[in-house]
Amino acid sequence: MTGTLLNAGDEIEVVVTSAKPFGLFVESDSGVRGLVRGGGAVAGATVRVRVIEFDAAESRFSAKLAG
């Protein structure tokens with residue numbers, strides 16, 4: 001996805017696409033996918049996260065729950 005840049009520290013709202021024992025797979029409004037370590041949400045939930053790292057080449061990010 002071009003034109004969508006995230007930076008470490010950004011807080012964004014994402015939708016949980018899948019919940020696993022190790023974390024949550026999420027997707028931003030712009031379609032960028034990410035992984036949130038830990039967390040306790042269910043698929044379909046909207047959560048606010050803080051970006052830890054963004055990989056522009058792969059168009060994906062890692063994050064933690066904000067708050």
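Val16 is buried, with a relative accessible area of 2%, where buried denotes under 20% relative accessible area, exposed over 50% and partly exposed the range in between (1.4 Å probe, protein chains only). The structure is a predicted model, in which local features require pLDDT of at least 70 and side-chain atom pairs count only at pLDDT 80 or more, whereas totals for chains, interfaces and linings use all residues. Residues are numbered from 1 along each chain as its sequence is written, and side-chain values use heavy atoms, with hydrogens and water left out.

Val16 lies in strand β1. Leaving aside residues up to four places away in sequence, Val16 touches Leu24, Phe25, Val26, Ala41, Val42, Ala43, Gly44, Ala45 and Val47, a contact being defined by heavy atoms within 4.5 Å.

The protein chain contains 0 helices and 5 strands, and its elements follow the order β-β-β-β-β from the N terminus. Helices (H or I, at least four residues) and strands (E, at least two) are DSSP runs, numbered from the N terminus. Strands are taken as paired if DSSP finds at least two bridges between them. Strand β1 (residues 11-20) runs antiparallel to strand β2 (residues 23-28), and 6 bridges join the two. Ala19 stands opposite Leu24 of β2, and a hairpin of 2 residues connects β1 to β2. Strand β2 also pairs in the antiparallel sense with strand β3 (residues 33-37), over 5 bridges. Within this second pairing, Val26 has Gly34 in β3 as its bridge partner. The hairpin of β2 and β3 has 4 residues between the strands, and Gly31 adopts a positive phi near 95° there.

At the level of the whole chain, the radius of gyration is 11 Å, which agrees with the value near 11 Å for a compact globule of 67 residues; the quantity is taken over C-alpha atoms, and the globule rule is 2.2 Å times the number of residues to the power 0.38. The C-alpha atoms fill a box of roughly 30 × 20 × 20 Å along the principal axes. Of the 67 residues, 33% count as buried. Among contacts between residues at least 6 apart in sequence, 49% join residues at least 24 apart.
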